[in-house]
Structures are given as C-alpha cells and as structure tokens.
Amino acid sequence: MSTHFDDLETRSADEREAAQLVALNAQLATHGVAALTALSDLAGLPVLRKSDLSARQKENPPFGGFPVANVAHVFQSPGPIYEPGGAGHDWWRMGRFLHACGIGQGDIVQNCFGYHLTPAGMIFENGARAVGAAVLPAGTGQTELQAQAAHDVGVTAYAGTPDYLKVILEKADELGLPLKISRAAVGGGALFPSLRQYYADRGIACLQCYATADLGNIAYESAAMDGMILDEGVIVEIVTPGTGDPVTQGEVGEVVVTTLNPDYPLIRFATGDLSAVLPGTSPCGRTNTRIKGWMGRADQTTKIKGMFVRPEQVAALVARHDAIQRARVVASRDGEMDVLTVRIETAAEDPALFEGAISDVLKLRGKVELVPPGGLPRDGLMIEDTRKYD
C-alpha cells in the first residue's frame, strides 16, 4: 500500500490554497456570490448554522433550496435535518481516512455505523469502496451475531464508534471466537487514551476521524497520531464562537467548514464544535493543516436567572464597547440563587463603565470583574457555567 492516498496530501501550502480557491470560486458562482481573491476573504461571508439550515429546509424541503446535484440517497439526521448523499467515488472523502488507517485491497471491514436514515453507514461504505476493501454491513446491535460474523467472514478491520468494538471483542472472547481484526477506523464519539491502549494491547491499531453528516470527513488521524489532519476537500476556519471572526492562530474557537463538493456546496457551515490549529505539519509527511481534534461545544448557551445567555450576546458586548478586548460570562451560585459575573479583559479600571452595556446586551445585571489585557484564557469559552447540580 502506498504511503499516501493521492498527491493532494503532499502539496505545498501555496499549491493547496490556489487549487482550493479555484474550486471555492466555482461553488460561490452557483450561489450567485462574487469570486474571492484569497481564502482569507471567506471571513467576509455569513456563517451558516444548523438552525439556519433547518429553517431553510422547512421553507423549501428537503435541502433548503441549495444547489444539490447527483443525489443517490436522502438521509435524515436529528432535527430533522435532511442531507443528500452521492454514489460517486469517495463522495464523503472517507477513503482518505481509511487509507491512513492502513485499510485497503483485501480487507473486510465490519461497518458498525448505522445504515437507517442517518448517513454514517453509507459514508464509511463509500470510503471502503474507494480503497478497494469489502464491507460487512453490520450496523448496530445484535452483538453475538456481530461477533460470529466477524469470525466466520474473517473481518480484518472495524469501522464504528470507539467503544462498540470493545463490546464485540469481549463477546467474541466469551464465545471462544478468535478474530482477525487488526485495524479500527472510529468516529462519532470520544476515543479515550485508555481505550486506544486496550486495542493496541490486542494488536489493533485504532485511529479516529472528525466527520459530520452534513460535511463528510473534516479531519483525520494518521499513524503519527499527532493531531488531526484536515481533509483535502474542505476549507476550515477557527472562529470566535457566536461570530464569523477568525481567532488568532493557535487559539481555541468554533470549527467552521466550507466543503469543496460541487454536488452539495456548503459555505462556512458552523459545526458547533471547538478546536484549535496545531503549528507545523504531521510527521507522517502529509502537509495539510492539523487541528487538535474535538475540544468541546461552541454553543455554550446557558440559562442564568431564568434568561438564556448566548455566545452571540457576549460577542456583541465586546463589539459594543471600545475598551473591551475580550469578555467571559460566568454563571455560579450563591446558596440557591444564580450569580452572573462578567469578566472583562480591559485596560480600564472602573467596572461601572461597562454596567450599562452589560444590562443592554445581556438583559441581565451582574457583577463586573476586570482583568488586564491577556488575562482571560484563550480556550474558546465565552460562557462558563460553574454551577453544580448534584
């Protein structure tokens, strides 16, 4: 098996940006948007959120009026949100990840992602086809039958959530069925280091990807296991939660993705997930940008004193007052009462300067705590809830 899935993985940064800009402008044209001169100009376009997509789909079902082509499947995710699926080569770009896992010709993949309504099963099946692997379309549940089939068929690789493989392995042990699984491609949940080590101790190399039903593969691990490498078919921005404004390189922010899929071009789609860009490139030789992986949720909307406070409001507070560099809302409790504290990063020294803006924007009154420039953590949190409910 060759080291890389294709030559796209080893392009220079300039080659990648130039090619992605051409593809992006072709897609923007289908939306009636003028061509950009650089990828950084994306920051001037509006962010598309799931709530926006859902509203558009209700008005114009099933895909919200987006220019969709070559639809082979229609999927439904919770919301409901409808996603198209294509049958073309590596339509969701999952083959790149499976190749990085060492899965290819001669492998039989036990695909334990769901096939009904939601697209995950088909996403991984399409990826397996792209690398020449056969598929056991197992789906979820019926663990005893899964273990038996893995033994009888001679399954060599697993695709599914990180924890379900352990369930199959333990059932096979219980039934006395030796298995040949040596590679695992996982997603859709947290891969804890202890679980990865459990698989390694059993001779199974387990790597994870970051993908969504709307976007397909966004980023993936290679054998280097040093961050997650961005897929070649997406443009990823890390922005301040609740805004479309890019953060400083290396800071935590919300993952916003533009897909270069002409069949379903989503522009600046907000995932609601937090991550950060890693400096440098992967030791595996792939040259694309790396991110740290999933670092929490960007939608930190929290109810305080009976009122919802949203990241967008915190961003509006920062924009409202020139003296505010950053802000963070902290929800805590004093006895049985909610307490709202607004921590403001500023060179100013009088908290009273900001009380009116806080009341206007947040529609709540609270304590104001001033911290010097650079005093707030760069962890992507705009609303911190310290209340305990147990």
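Colleague: Where is the place of Lys 305?

Modeller: Lys 305 lies in the loop between β15 (302-304) and β16, where helices (H or I, at least four residues) and strands (E, at least two) are DSSP runs numbered from the N terminus. This is a predicted model, in which local features need pLDDT of at least 70 and side-chain atom pairs count only at pLDDT 80 or more, while totals for chains, interfaces and linings use all residues. Residues are numbered from 1 along each chain as its sequence is written, and side-chain values use heavy atoms, with hydrogens and water left out.

Colleague: Is Lys 305 buried, exposed or partly exposed, and which residues is it in contact with, leaving aside its neighbours within four places in sequence?

Modeller: Buried means under 20% relative accessible area, exposed means over 50%, and partly exposed is in between (1.4 Å probe, protein chains only). Lys 305, at 41% relative accessibility, counts as partly exposed. Contact means heavy atoms within 4.5 Å, and, once neighbours within four places in sequence are left aside, Lys 305 is in contact with Asp 338, Leu 340, Leu 364 and Arg 365.

Colleague: How many helices and strands does the protein chain have, and what does its radius of gyration say?

Modeller: The secondary structure comes to 9 helices and 20 strands. The radius of gyration, taken over C-alpha atoms, is read against the globule rule of 2.2 Å times the number of residues to the power 0.38. Here the radius is 23 Å, close to the 21 Å that the rule gives for 390 residues, so the protein chain is as compact as a globular protein of that length. Along its principal axes the C-alpha trace spans about 70 × 55 × 45 Å. Buried residues make up 51% of the 390 residues, and residues 24 or more positions apart account for 62% of the contacts with a separation of 6 or more.

Colleague: How far apart are the mean positions of the positive and negative charges?

Modeller: Lys and Arg count as positive and Asp and Glu as negative, with His and the chain ends not counted, and the place of a charge is taken as NZ of Lys, CZ of Arg, CG of Asp or CD of Glu. The mean positions of the 34 positive and 47 negative charges are 3 Å apart.

Colleague: Which residues of helix α9 are buried, and what covers them?

Modeller: In α9 (residues 352-362), the buried residues are Phe 354, Ala 357, Ile 358, Ser 359, Val 361 and Leu 362. Their cover includes β16 (307-309), α8 (311-320), β17 (326-334), β18 (337-345) and β19 (367-371). After α9 comes Lys 363, whose phi is positive, near 65 degrees. From the side of α8, the buried residues are Pro 311, Gln 313, Val 314, Ala 315 and Leu 317, and what covers them includes α9 as well as β16, β17, β18 and β20 (383-385).

Colleague: How many residues of strand β10 are buried, and which strand does β10 pair with?

Modeller: In β10 (residues 234-239), 6 of the 6 residues are buried, so the strand is largely enclosed by the rest of the structure. Val 234, Val 236 and Ile 238 point one way, whereas Ile 235, Glu 237 and Val 239 point the other way, and all are buried. Two strands pair if DSSP finds at least two bridges between them; β10 pairs with β11 (residues 253-259) in the antiparallel sense over 6 bridges, and Val 236 stands opposite Val 257 in β11.
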